[in-house]
Amino acid sequence: MKHFEILVVGGGLAGMSAALACDKAGFKTAIIAKKPVKIDGRTTALFMPSIDFLDELGVWEKIKDQTSALKTMRILDSTNRLIRSRPASFPSSEIGLEAFGYNFPNHPLLEALYAQMDETEIEIIDSFASDYSEDADQAIVTLDNGESVSATHILASDGRNSLIRQKVDISANMWGYKQKAIVLTFAHKFSHQNISTEFHTEKGPFTQVPLPGKRSSLVWAIKDDEEDYFLNLPKSELNMLVEQGLHSTLGPAEIDSDLQCFPLSSLIATRFGKGHVMLIGEAAHAFPPIGAQGLNLGLRDVMTAIECLTAHRNAPIQAAQSYDRKRRADIHTRTFGIDMFNRTLLTSFLPVQLIRSGAISAISSIAPLRQFVMRQGALPGVPKEKQSA
Ligand SMILES: Cc1cc2nc3c(=O)[nH]c(=O)nc-3n(C[C@H](O)[C@H](O)[C@H](O)COP(=O)(O)OP(=O)(O)OC[C@H]3O[C@@H](n4cnc5c(N)ncnc54)[C@H](O)[C@@H]3O)c2cc1C
């Protein structure tokens, strides 16, 4: 049986980044990863700390031409409710940044991560994990071809239904919202000027994020029983709905991708490290796509995991315990913060509407508060010297 210091289980964006980071930190690393058959049509907005991290891994250079800078983030209340919040605009220049980050198409990002693997010693095991066990010295993962691999540390990045999380007996709280998100990309007449706008509707966010040229991606929240209706509409009607949803801010829209649909739900594990295992990315946490937080949080998991692995190289139980402690605050605040915000959009309960609109209006009009929120949203944990452009 082959033995590795670190075995990453799951080759999504978080797992692939984790494997590269472990290799870079000098660990003998393997990853259990099967290339997805279906192309992920989503794009992901990543903030500067995540970009710096991908840069250190050698990935940024491979993909930067396909990304677009995010210089201003806007929130516009697009509900028809009695109480609506004022528009809020967050320019990155206000906190001394040239851009908050960049928007990446997911599929090319995954391809870039795979390409970077070729330049490392990482062993890619083209399989699925089917079982897991551990004793004091090592963890053993059984593969779906019946073979087994052992490792000192396991980074479980096998997504929301994580097998490893279940096998190591970490429970998770999961809840849904009766919402789905349609994702697509589209061309538009006017320049987006590197502005991303999150329109808040009664069904959730309707978020345009810039791509290179006069193109953008869209995350469009719908009710969970509306998927068939929207996916079967003629393109011309969808183009019109996209333009209307954006209040014609970018002019006529021309959808240039397939439409994909994702159910929206939240998940938080009751702990993030146990035994030989550290939970990474959606194996540990998931929430609706508001404020572009999911993968940014997942990459911060990876950064902390590397710290703990380095400090406790031959002591997996201590490494996992330390990781659990260090990740708690960040994961809890993001998961419950986004959950609460999403709920305030869905409810028609007047007092909640008042609080939401009051909070957004305050953030939009009080400069120090706005700057604080911008730093919290986009720059958690970034060393001061990296915060200015
Ligand atoms: C519509 C939408 C828009 C989003 N936009 C943003 C954004 O702008 N910014 C942002 O930061 N985040 C965003 N997110 C969140 C982001 O997409 C996720 O956080 C991220 O994709 C999760 O990656 P992951 O690697 O943790 O999980 P996954 O992508 O689910 O990867 C898990 C991997 O593990 C594999 N796997 C599962 N079981 C096994 C097994 N037993 N053995 C081996 N492998 C296994 C799977 O095949 C998969 O490859 C968005 C999410 C949605 C739904």
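This is a predicted model: local features need pLDDT of at least 70, side-chain atom pairs count only at pLDDT 80 or more; totals for chains, interfaces and linings use all residues.

Me: How do you know what confidence the predictor has in the chain?

Reply: pLDDT is the predictor's confidence in each residue, from 0 to 100. The mean for the chain is 91, and 95% of its residues reach 70 or more. Over residues 380–389 the pLDDT is below 50, and beyond near neighbours in sequence this stretch has 15 contacts in the model. A contact here requires the C-beta atoms of two residues, placed from the backbone, to lie within 7 Å.

Me: What makes a residue part of the shell around the ligand, and which come nearest?

Reply: The C-beta atom of the residue, placed from the backbone, must lie within 6 Å of the molecule. There are 31 residues around the ligand, and Gly 10, Gly 12, Gly 159, Gly 281 and Gly 294 come nearest. At least two shell residues come from each of α1 (13–24), β3 (43–47), β12 (172–188) and α8 (294–311). These names refer to DSSP runs numbered from the N terminus, with helices (H or I) of at least four residues and strands (E) of at least two. α8 gives the most, with 4 residues.

Me: How is the shell around the ligand divided by class?

Reply: Ala, Val, Leu, Ile, Met, Phe, Trp, Tyr, Cys and Pro count as nonpolar, Asp, Glu, Lys and Arg as charged, and the others, Gly among them, as polar. On that basis the shell has 16 nonpolar, 12 polar and 3 charged residues.

Me: Why is α8 called roughly antiparallel to α9?

Reply: Axes are lines fitted to C-alpha atoms, for helices over the stretch in contact, and angles run from 0 to 180 degrees between N-to-C directions. α8 and α9 (residues 316–346) pack at about 160°, with their axes 9 Å apart. α8 is therefore roughly antiparallel to α9, given that angles over 145 degrees count as roughly antiparallel, under 35 as roughly parallel, 65 to 115 as roughly perpendicular and the rest as oblique. By class, their contact has 8 nonpolar, 2 polar and 6 charged residues.

Me: Why is α1 called roughly parallel to α4?

Reply: α1 and α4 (residues 106–117) pack at an angle of about 25°, with their axes 10 Å apart. That value makes α1 roughly parallel to α4. The contact between them divides into 7 nonpolar, 3 polar and no charged residues.

Me: What makes the crossing of α1 and α4 left-handed or right-handed?

Reply: A crossing is left-handed if the near helix is turned anticlockwise from the far one by less than a right angle, and right-handed if clockwise. The crossing of α1 and α4 is left-handed, and that of α1 and α8 is right-handed.

Terms used:
Residues are numbered from 1 along each chain as its sequence is written.
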